[in-house]
Amino acid sequence: MESRQKVTTPTNVYFVDGVRTPFGRAGEKGMYHNTRADDLAAKAIAGLMARNPDVPAERIDEVIIAATSQQGDQGLTLGRTAALLAGLPESVPGFAIDRMCAGAMTSVTTACGGIGIGAYDFALAGGVEHMGRHPFGTVVDPNPRLAAEGLVSPEALNMGATAERIHDRFPELTKERADRFAMHSQHKTHTAYQAGKIQPDLVPVAVTDSDGAMSLAVEDEGRRPETTMEGLAGLRTPFRPHGKVTAGTSSPLTDGATISLLAGSRAVEEFGLAPKMGLVSFAFAGVDPEIMGIGPIPSTEKALRKAGLTIDDIGLFELNEAFAIQVLSLLDHFSIEDDDPRVNPWGGAIAMGHPLAATGVRLMTQLAAQFAERPDVQYGLTAMCVGLGQGGSVIWENPHYNGRRN
Amino acid sequence: MSLGQYDQTDFSEINSISANEVPTRARVRDITLSSGRVLALITLCSEQPGRPNTLWAASLTELKHVLDELKGRATAGEIHAVGIIGSGRAFSAGADLSMMPAIASRDAAMQLAQLGHHALGRLSDLGVPSFGFINGTALGGGLEIALHTSYRTIHPSAVLGLPEVGIGLLPGWGGTFLLPNLIGVDAAIKIMVSDALKNRGTVAAAQAVELGIVDALFPASNFLEDSLKWADSILTGSSSVIRDQQPNADVRGTLWTEAVEAERCRLARKVGIVPKAPYAALELIEKAKDGDRKAAFEREDQAFAELILGEQFEASLYAFNTVQKLSKRPSGAPDSASARKVTKVGIIGAGLMARQFALLFATRLRVPVLLNDLDEFRVTEAVSRIHEEIGGLEAKGRLDHDTANRIRSLILASTDLADYADCDFVIEAVFEETRIKQKALASIEPIISAEAVLATNTSSLSVEEIGTALENPERLVGFHFFNPVAAMPLLEIVSTPMTNQETLATAFATAKALGKTAVLTADVPGFVVNRILAKVMGEAAHAIEQGTSLETVERAFASLLLPMSPIELIDLVGWKVAAHVQDTMHDAFPDRFFASENFHRLASIQGDVLERDENGRVVGWTHAAQEVLETGVAPIGMTDLLHRIQDGLANEARIMLSERVVSNVEDLDLCLLLGAGWPYINGGLTPYLDRVGASRRSFGATFHEGKHVAAPIL
């Protein structure tokens, strides 16, 4: 058969912009208790479009929104519903996607794939998780074969237990090290907030309090800047009697949404945009579900290999802090110090919260903001672990890089 | 600090009648805007979840205290702006109408107006700008809240209105002063007077921007967020508003007065001079031109108190509540669970009425509708006429193309009765004669299923008698529509002693699906509306027969404020029809309904019966009419005639209630309000009869005891 000319043309892929809602504490006392998940996603989209007025909404070729629990207000193929709710033209298509904690990251890599082969000019990619309304693991029906045939340990569905498992495997990763990492996360986030680093990429959300009063959510709700080593040492270990993982070294249950605008080279040129990051490579990898937290190690190795880079080329790391111990396992693997200033310079999920399928784009938005401040950095890594034993890594290039590494 | 306008006003009377008030809380949250300025946002939340917030004494007092506190904080530099919004989907429903009957004294009435001015007026006297974020419906006092603020934003689905004049009242919390001074006198008159009188005086969001009532419209997805961002830009000076519609000095001159005068003349022609509210509102609007807010509010207090205690408002509120209540829950409707599902409708006939039915049923029920006639040509003709109607609706944008296609495809026609076999509901629209209707229905009955419901469309025949031709008369019900079928909201559902519950339930469910307000009536001549109209026409005929001048008859009837005098109504429906109706009613009730030979005589003449002036107003009989009329020599005087009309109506209404033609007096008034367009300020009929003493004269009692005002749910 005669081969036809390809209808698509490969192109570079850019992260043009990213925003998120402030993250709220899940549950009755949280600021989003009366706010729907799909509305959070829609408000993030509306906020992103409002600050990119040069991009015509009708030119968006896809809207991909991730959620871990795709039911109720997170059901009904979120990318489509959120786009409609945000007031995007009905001609803009969308869908929902799921890779648990790496949901938004997968929205981005999926969109990047479509842009990279030239099928999309612009795509919106992000995620939402209202953990107050959809606690992880409710209304699931794991196949009995997973346990019966030893495919997945029942412990693997309890993320805290998988974090304890990392302590089992790497005794040198002590509780004290995890506590210290967690405390630093809180302090770094506090410092970043005080310096106004986080706020510019937050989209305020109108909320209704329990007494009916309307208000505006403008900041992450779960931060604990007062955290001390003493305080952390005294916390109980809910996942295992006399264990090592505490609420203080875990990311809190969180409600929130994120969204990013991605584009190919031609679209960037056509509209004279100034992208914040360029895609270098991405990779996902699987590990034993029982110790899912080490997933980012193989995925990062894979992404580096595909990019032809080594870990030493990475100038900034945005690593999801599902658990402190899980970040430490990656750092140790690559011989990076626990308090290396390249790692999560503005803190992470332990302080800001981790609305599962939304977090990936938060990592990217923060890396993009840091790129702008650091023309000495050429490459950055966003990486995260995923339930059921996976890791995801995306390597980005800094368009502000001036060729002079510090 | 100097004393404000109402700082020393005594509010004890209005406060003493707020025990049953559903409180509206004014919750405050400080919001730090991106400029760093702080906006204190007030959310008005009803204590009753899901209810739009309403205002009464306690709620207004709380709002006033909150605003006082915010003024203090503004003075202290803690806040830089105040915003106000409603919780849920409504901004505010305004004054709580269900509390109005509690007002029994002029002091209480005055104080309600004064307290509203006192509390809402604070919004323009905070020392910092105030913002109304109109997130949803804002009616009456609800809109007045926002009119007191410095700036307003609006949600796309919000609807605004000052409908008070339509229920015999006027905007009493600043509306008659603030609105004309914001958007000009013409637009203000249209909203507060002309549209309000039509009981559909609402303004959509986009229109509100155009008229200058609000400053900015923001999308639903981000309404409050965008409104706050915009408020910040106003505060920092990076945005400003231009109010083109605000009246300038030129307009404040003679144009203002001329606009008011023109509306007065229009009203006098249209509704006469009896209704007080529109004229009172016009007077306030006229005086609002001097821009003296304090004096205007005081005038408003007086006028509001005057109307609120008046019988026109009392009757209007009764009418309003009756329509609201019974439109939602018709009295006498059986449990809808026993209604049969209607998946195909049969209409017997293909004439004008059949075509109107077909369009209505297909448009509203969205099920196939089958018409029939004896010959192919006539059914084809009927279908193409209906398609033309649908095309017209499509051209006007009332139906989109797909929906128009869908409805066109639902219109079926046949000459073969067998095609009715799968109809669940069949209504006949054949000539108004018992035997013809019997034949039509009996011919269909063996074809349709045993469960299918049959309806007869009659305005005067006995449904029970029609049913005698049927095997299963228990499945027959009367459906009396009003003309034009698509527009008139009322449907009289006629039940015979044979009609079973399933049939009745199906009839009510179908009426609801058709968008009609249904009233259950007994199977008696004229049912409700036509019986009362026949009574009115009969009284006119009787007076004419006695030799009373047409002018006297017309003047006597004018006091009933009917949309059309009986003589004009007869001229519209036709003298032959009227003569026939009077004969029928006279046969049924010979001592109370007047059969008019003169109507038969007038029906026989060629050309016009009535002489009209260039405005179409009736001025007398034509020569041709005078030649055939046979009248007596004992004309009745206007006052006597009016009493005879009123007393006759009171007696008839009482008999109808005692015969249980309808189950209660509200149903009777509902029929006249919706089926005959009788005025709200008369409460339909019976509050008027009580008011003018006819009830007492006629049967020594009244239809209503004291304040006949039920609690409404807005």
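This is a predicted model: local features need pLDDT of at least 70, side-chain atom pairs count only at pLDDT 80 or more; totals for chains, interfaces and linings use all residues.
Visitor: What conventions apply to the numbering and to the model?
Guide: Residues are numbered from 1 along each chain as its sequence is written, and chains are lettered from A and ligands numbered from 1 in the order in which they are written.

Visitor: Are α22(B) and α23(B) roughly parallel or roughly antiparallel to each other?
Guide: Helices and strands are DSSP runs numbered from the N terminus (helices H or I, at least four residues; strands E, at least two). Helix α22 (residues 575–588) of chain B and helix α23 (residues 597–604) of chain B have axes 8 Å apart and pack at an angle of about 160°. Axes are lines fitted to C-alpha atoms, for helices over the stretch in contact, with angles from 0 to 180 degrees between N-to-C directions; those under 35 degrees count as roughly parallel, over 145 as roughly antiparallel, 65 to 115 as roughly perpendicular and the rest as oblique. The two helices, α22(B) and α23(B), are therefore roughly antiparallel.

Visitor: How many charged residues does the contact of α22(B) with α23(B) have?
Guide: Contact means heavy atoms within 4.5 Å. From α22(B) come B:W575, B:K576, B:A578, B:A579, B:Q582 and B:D583, and from α23(B) come B:F599, B:H600, B:L602 and B:A603. Ala, Val, Leu, Ile, Met, Phe, Trp, Tyr, Cys and Pro count as nonpolar, Asp, Glu, Lys and Arg as charged, and the others, Gly among them, as polar. By class, the contact of α22(B) with α23(B) has 6 nonpolar residues, 2 polar and, as charged residues, 2.

Visitor: Is B:N53 buried or exposed?
Guide: The residue B:N53 lies in the loop between β2 (38–46) and α2 (57–75) of chain B. Leaving aside neighbours within four places in sequence, its contacts include B:T24, B:L44, B:C45 and B:G86. Buried means under 20% relative accessible area, exposed over 50%, and partly exposed in between (1.4 Å probe, protein chains only). Because its relative accessible area is 2%, B:N53 is buried.

Visitor: Which residue has a side chain joined to that of B:N53 by a polar contact of 2.8 Å?
Guide: A polar contact is a pair of N or O atoms within 3.5 Å; within protein, one must be able to donate a hydrogen and the other to accept it, and residues adjacent in sequence count only if both atoms are side-chain atoms. A polar atom of the B:N53 side chain lies 2.6 Å from the backbone oxygen of B:F91. The polar contact of 2.8 Å joins the side chain of B:N53 to that of B:S92.

Visitor: What is the relative accessibility of B:V260?
Guide: The place of B:V260 is in helix α9 (residues 249–271) of chain B. Not counting residues up to four places away in sequence, B:V260 touches B:V185, B:I189, B:L282, B:I285 and B:E286. The residue B:V260 counts as buried because its relative accessibility is 0%.

Visitor: Does A:H242 count as buried or exposed?
Guide: Although not a glycine, A:H242 has a positive phi of about 55°. It is placed in the loop between α7 (229–233) and β8 (254–264) of chain A. At 82% relative accessibility, A:H242 counts as exposed.

Visitor: Which residue is joined to B:N483 by a cis peptide bond?
Guide: The loop between β16 (476–481) and β17 (490–495) of chain B holds B:P484. With omega about -5°, the cis peptide bond joins B:N483 to B:P484.

Note on methods
Side-chain values use heavy atoms; hydrogens and water are left out.
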